[in-house]
Amino acid sequence: MASSNPLEWPETVVPVQTLSGSGMSTVPRQYIKPPSERPNGSTNDPNLKIPVIDLASFSNAPDHHQAMLEIVANACKDWGFFQVVNHDVDMEVVKRMRGAWREFFALPMEEKKVYANLPVTYEGYGSRLGVEKEAILDWNDYYFLNLFPSDIRNLDKWPKIPTDLRETTEKYACQLISLCQVLLKAVSSSLGLEEDYLLSAFGGTDGISATMRANYYPRCPQPELTLGISAHSDPGGITLLLADDNVEGTQVRKGDSWVTVQPVPGSFLVNVGDQIQILSNGRYRSVEHRALANSDEDRYTIAFFCNPRGDLPIAPASELVHPESPALYQKAVTFNDYRKYIRTKGPSGRMQIQSINSTMQPERAA
């Protein structure tokens, strides 16, 4: 993995919104994916549906507790993804969150560029991940923020316009970190670990880390040649995605197929990240996913990343390591060191999790 991050982007960053609004009829060369990575092979097989988990049943019906844990375990093993409903997040806050960030992306470019980001932190307004020169880029703009612990926030990077964005984002973040703690307890219990094991491994309630990425996918003249975000597994712990209710675009790899997520109204899409794969000793695996580009409509999503505290060493839970299930990851790695890979390479399939496993045993099949 890379040992440091450069301070500047290797090439001039042109916002995708600028390209989209220029009237061009073809995708610039640096956005064209190799044929093997282009968005074909999708499936809408009605038999392939990402599980939906009702958290009201999990929280309020003790008699169903074990059954719900089995549903969580199966979702994490079979898909690495599930949608949650009845999650107690205030939907009025969700509505305001969507509106505030749409309004931000609609601001004049000179107002957004005040918050332009750099590779060293990624915090702020940006249009690329990874610092490899002449890399093939993704068709999206985004805004990245550090949220928790609160002492890692840089309020100078929190937009002042629209005027309600800061307050709304703060309320939203507090509700989602609470939801993440519920989910971490459920995932921990489903592995046969103590309920608080994963939360403690992440740093506890005062140390757990969270970041956010508001995504904007402007219209694309040739969506068949590029992607909104390239295929990747998430480097962190768990991700909660607030999907666009009106425009599909998130796809999950299932075997050799790509399954388009059909968002359930009022839900969050949850996925297992690489840190859970490491802590579970491969019982639960992070799964590749990607975002499509679209020629007809703009698309907006908000991803909330729940991660271990950056300086904590992450290794398989000792309870899940035994002679029949030896440790797949024998060297503990901090999340700060782990995520430097994606900050160098950008989204790159499962190369990141495989890079720390390359000298060990092959990844166990799901």
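Student: Is Cys-174 buried, partly exposed or exposed?

Tutor: This is a predicted model, and the accessibility is computed from it. Cys-174 has 32% relative accessibility. Buried means under 20% and exposed means over 50%. Because 32% lies in between, Cys-174 counts as partly exposed.

Student: And Cys-220, buried or exposed?

Tutor: Use the cut-off of under 20% for buried. Cys-220 has 2% relative accessibility. Therefore Cys-220 counts as buried.

Student: How many disulfides are there?

Tutor: A disulfide is a covalent bond between the sulfur atoms of two cysteines. The test asks for a pair of cysteine sulfur atoms within 2.5 Å. By this rule the count is 0 disulfides.

Student: Which element gives the most to the lining of the largest cavity?

Tutor: The largest cavity has a volume of about 580 Å³ and a lining of 34 residues. The most, 6 residues, come from β13.

Student: How many residues of that lining of the largest cavity are charged?

Tutor: Among the residues nearest the centre of the largest cavity are Arg-213, His-232 and Asp-234. By class, the lining has 17 nonpolar and 11 polar residues. The charged residues number 6.

Student: Which element gives the largest share of the lining of the second largest cavity?

Tutor: The second largest cavity has a volume of about 90 Å³. Its lining has 13 residues, with Arg-98 and Arg-102 among those nearest the centre. α4 (91-105), β6 and β13 each supply at least two. The largest share, 5 residues, comes from α4.

Student: Which residue does a cis peptide bond join to Phe-148?

Tutor: Most peptide bonds are trans. Here omega is about -5°, and the bond is cis. Phe-148 is joined to Pro-149.

Student: What is omega for the cis bond between Ile-161 and Pro-162?

Tutor: Pro-162 lies in the loop between β5 and α6. A cis peptide bond joins Ile-161 to Pro-162. Omega is about 0°.

Student: Is Asp-88 buried or exposed?

Tutor: Asp-88 lies in the loop between β3 and α4. Phi of Asp-88 is near 70°, a positive value in a residue other than glycine. The relative accessible area of Asp-88 is 75%. Because the cut-off is over 50%, Asp-88 is exposed.

Key:
Residues numbered from 1 in each chain as written. Predicted model: local features only at pLDDT ≥ 70, side-chain atom pairs only at ≥ 80, totals over all residues. Heavy atoms only, no water. Buried < 20%, exposed > 50% of the residue type's maximum accessible area, 1.4 Å probe, protein only. 1 Å grid on protein atoms, 1.4 Å probe; cavity = no way out; pocket = protein on both sides within 12 Å on 5 of 7 lines; lining within 4 Å. Points joined across faces, edges and corners; volume = space filled by probe spheres on them. Helix = DSSP H or I, 4+ residues; strand = E, 2+ residues; numbered from the N terminus. Nonpolar A, V, L, I, M, F, W, Y, C, P; charged D, E, K, R; others polar.
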